[in-house]
Amino acid sequence: MSRIYLSPPDTGLADQAAINRAFEGGWIAPLGPEVDAFEVELASVTDRSHGVALSSGTAALHLAMLLLGVGEGDRVLVSSLTFSATLNAIRYVGARPVLIDSTPESWNMDPDLLAEALESGEYAVCIPVDIYGQCADYTAIVPLLAKHGVPLVSDAAEALGATHKGEPAGSFGAMAGLSFNGNKIITTSGGGAMVTDDAEWADKARWLSTQARDPAPHYQHSSIGYNYRLSNLLAALGRSQLSDLKRRVDIRRAHNMFYREALGHLPGVEFMPEAPGNRSTFWLTTFTVDPAVAGVDREAVRLHLESLDIEARPVWKPMHLQPVFAECEVFGGAVSARLFEHGLCIPSGSSLTESQRDRVVTEIRSVFGRA
Ligand SMILES: Cc1ncc(COP(=O)(O)O)c(C=O)c1O
């Protein structure tokens with residue numbers, strides 16, 4: 001039996017045909033008609049006026065910091081429960097992350113802790129993360145930030161296709177970052193995008209991401225630029241993948257419902273909640289195992305799955321527990337620490353078959369049966 005992965009790329013013949021078409025069109029260079037069309041389609045799916053196709057989601061967040069003028073020593077509010085890329089983008093511009101713990105209701109940025117932080121200091125920007133495909137509580141967060149005049153950049157890397165109160169992930173705040181990394185809902189093997197309603201920011205992001213070239217026939221530069229643009233070939237793959245977004249999200253959601261029904265009754269097991277008003281992509285299905293109730297811990301489950309070539313991973317280790325970010329200020333911390341200690345992500349990809357899913361369930365149940 002072959003290994004069951006957590007969230008492998010879901011690609012097919014239509015994707016291959018799209019890349020071939022782009023190849024035959026002759027636009028092998030970074031720019032081209034597929035990039036332009038992909039940007040329009042990304043803007044449409046996130047209900048934005050503009051999209052900028054980039055080489056990664058990290059690049060999108062980095063450019064967002066540059067466009068907002070965030071710099072050395074500025075303080076940036078950010079979810080502690082995230083992947084390091086979110087904080088790396090803050091550090092690239094020399095700013096200082098201020099970490100906000102999760103609320104147990106959605107595992108996302110806790111608006112009460114955010115309010116506390118906002119009362120106690122000045123901040124250049126706030127980056128809530130839509131963790132595991134569920135939007136942060138923008139209904140609470142947007143007015144809080146508006147009251148304090150702090151711009152919002154949404155990290156929607158894991159949430160393309162999700163909604164909050166009917167509004168799409170990526171539509172909140174000044175700008176949002178998306179990722180098309182190999183493990184995401186749609187993939188360009190590696191890639192990302194920044195989406196915004198501001199034409200000037202979009203233009204400036206395109207300029208910065210192509211080495212900030214001044215308008216001149218020769219190569220002239222009066223700013224530091226970046227090589228962050230997505231290639232035309234990969235944009236063709238992205239377009240093909242994006243055309244199938246609904247199916248991809250529906251399948252991940254169906255996996256989640258299936259796992260909840262099959263495993264939700266196990267003692268000590270609690271699935272990541274979907275907060276009212278949210279429709280998550282359930283990019284990854286995740287749950288916590290309370291060892292005092294279950295008689296087994298998360299690691300026993302993970303190691304058993306691994307011994308059978310089934311990939312499962314602990315929930316993100318929050319940033320306030322990461323050695324590289326240990327010096328950062330943090331508001332709260334116990335909730336995401338507990339999620340990391342007890343949480344597990346299980347195979348959730350849109351190419352996961354029913355028989356693979358059954359195998360995952362059988363093996364998880366067997367660990368609990370031994371308790
Ligand atoms: C929450 C979050 N933010 C940012 C990123 C960075 O995206 P990329 O890998 O495309 O740079 C990722 C995923 O990789 C992520 O999960």
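Residues are numbered from 1 along each chain as its sequence is written. In this predicted model, local features need pLDDT of at least 70 and side-chain atom pairs count only at pLDDT 80 or more, while totals for chains, interfaces and linings use all residues; side-chain values use heavy atoms, with hydrogens and water left out.

**Exercise 1.** Find how many salt bridges the structure holds, and work out which parts R247 and D10 tie together.

*Solution.* 
- Start with the criterion: a side-chain nitrogen of Lys or Arg within 4 Å of a carboxyl oxygen of Asp or Glu.
- The total is 20 salt bridges.
- For R247 and D10, the closest N and O atoms are 3.2 Å apart.
- R247 sits in helix α9 (residues 245–263) and D10 in the segment before α1 (13–25), so the pair links parts 237 residues apart in sequence. Helices here are DSSP runs (H or I, at least four residues) and strands are too (E, at least two), numbered from the N terminus.

**Exercise 2.** Decide whether D10 and R247 are buried or partly exposed.

*Solution.* 
- Take the cut-offs: buried is under 20% relative accessible area, exposed over 50%, partly exposed in between (1.4 Å probe, protein chains only).
- D10, at 13%, is buried.
- R247, at 35%, is partly exposed.

**Exercise 3.** Locate the partners E329 and R75.

*Solution.* 
- Their side chains meet in a salt bridge at 2.8 Å, N to O.
- E329 belongs to strand β14 (residues 329–331) and R75 to strand β2 (residues 75–79), so this pair ties together parts 254 residues apart in sequence.
- R75 is buried at 16%, whereas E329 is partly exposed at 34%.
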